[in-house]
Amino acid sequence: MTARTVNVNNPQAVIAKKKEEPKTMMQWIKGYEGQIAKALPSVMTPERFSRIAMTAVTKSPTLGRCTPGSFMGALLTAAQLGLEPNTPLGQAYLIPYKNKGVLECQFQLGYRGLIELAHRSGELRSIEAHIVYENDEFEYELGLEPKLKHVPAMKNKGKIAWVYAVYKLNSGGFGFEVMSKEDIEEHKGKYSKAAQRGFSPWKNSWEEMAKKTVIKKALKYAPLKTDFVKAVREDEATFDIKSDGDEFDIIQKDTFDEENIVEIRDEDIEIKEDVNEEPKQAEIDTQTGEIKK
């Protein structure tokens with residue numbers, strides 16, 4: 001067998017080198033297009049989802065500086081659920097947090113995303129949530145004969161007083177949950193201590209997040225499929241990815257320490273590289289054939 005040799009003194013010699021790791025979040029998204037395509041259900045095309053992800057990074061450059069593992073983990077979680085992140089639909093959010101000095105990306109379900117997943121279960125005939133204002137006619141009773149009545153005021157509604165969710169099953173059963181504004185605020189403070197910081201939807205979409213909260217409580221005992229239960233469990237979680245070629249695992253990380261989460265603004269981040277900069281090709285020493293450092 002004839003041996004194959006490479007003349008390292010020949011500047012035209014081709015040196016095989018290890019594939020470089022992506023250096024920008026845009027490159028990570030492009031590099032994971034195959035995995036995104038495998039993760040997505042039929043309700044969305046891979047091309048559209050990739051464009052949505054890139055638009056999210058463009059509109060919020062801080063996302064591009066999160067750890068790639070946490071960002072791609074959150075993005076692939078949204079892909080598996082077939083939900084559009086960071087769009088006007090409000091289905092899901094990719095939220096950057098600084099956790100113990102490290103920028104991480106958290107996946108968070110939106111109100112409309114929760115509704116979408118609940119309907120996909122096939123068990124629900126209808127589900128809705130509403131805000132009750134001080135001057136609305138509103139009453140409810142619990143017990144063996146539960147009752148719920150809401151007549152909205154046509155004008156001079158007043159301040160927000162209650163939030164409720166009600167669902168009906170295909171089998172004819174139903175259920176509802178009612179929370180006062182104080183209940184919602186207590187829940188937010190207990191489970192989302194970073195709610196008033198940075199990019200949290202609680203800051204700009206309080207009503208939708210309140211509806212999501214009461215819907216989750218209402219559906220807690222509804223006979224829904226495991227996919228919905230899994231999605232609720234992954235809400236407000238931080239992930240990492242472990243990949244091997246086209247195969248990947250999404251690993252849910254331990255709950256982060258809320259006391260170390262601080263508000264993130266784009267101007268707080270020291271930009272060390274252009275987010276659109278292409279990776280530089282390694283230089284090869286023509287005398288030795290080694291890659292220059």
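These questions and answers concern how terms are applied to a predicted model.

Reader: What makes up the chain, by helices and strands?
Author: The chain has 9 helices and 10 strands. Of its 293 residues, 42% are buried.

Reader: What makes the contact of α3 with α4 nonpolar by class?
Author: F49, A53 and V57 come from α3, and F71, L75, A78 and A79 from α4. Phe, Ala, Val and Leu count as nonpolar. The tally is therefore 7 nonpolar, no polar and no charged residues.

Reader: How do the residues of the contact of α5 with α8 divide?
Author: Helix α5 (residues 111-120) and helix α8 (residues 206-218) pack at about 35°, with axes 8 Å apart. Y111, R112, L114 and I115 of α5 meet E208, K211, K212, I215 and K216 of α8. Glu, Lys and Arg count as charged, whereas Tyr, Leu and Ile count as nonpolar. The contact therefore divides into 4 nonpolar, no polar and 5 charged residues.

Reader: Which residues have the most contacts inside the largest nonpolar core?
Author: They are F49, F71, L75, L124, Y167, I215 and L219, in a core of 59 residues. Helix α4 (residues 68-81) gives the largest share, 8 residues. Another core, of 6 residues, lies apart from it; V132, F138, Y164 and V166 are among them.

Reader: What is F71 in contact with, leaving aside its neighbours within four places in sequence?
Author: F71 is in contact with M25, I29, V57, L63, L94 and C105. V57 belongs to the α3 side of the contact with α4, and F71 to the α4 side.

Reader: Why is E139 called partly exposed?
Author: Its relative accessible area is 34%. Buried means under 20%, and exposed means over 50%. The value for E139 lies in between, so E139 is partly exposed. E139 sits in strand β4 (residues 137-141).

Reader: Which residues does E139 contact, leaving aside its neighbours within four places in sequence?
Author: K147, L148 and K149. V151 is 12 residues from E139 in sequence, with a C-alpha to C-alpha distance of 9.3 Å.

Reader: What share of the contacts with a separation of 6 or more joins residues 24 or more positions apart?
Author: Such pairs account for 65%.

Conventions. Residues numbered from 1 in each chain as written. Predicted model: local features only at pLDDT ≥ 70, side-chain atom pairs only at ≥ 80, totals over all residues. Heavy atoms only, no water. Axes fitted to C-alpha atoms, helices over the stretch in contact; angles between N-to-C directions. Helix = DSSP H or I, 4+ residues; strand = E, 2+ residues; numbered from the N terminus. Contact = heavy atoms within 4.5 Å. Core = buried A, V, L, I, M, F, W, Y, C linked by side-chain atoms within 4.5 Å. Buried < 20%, exposed > 50% of the residue type's maximum accessible area, 1.4 Å probe, protein only.
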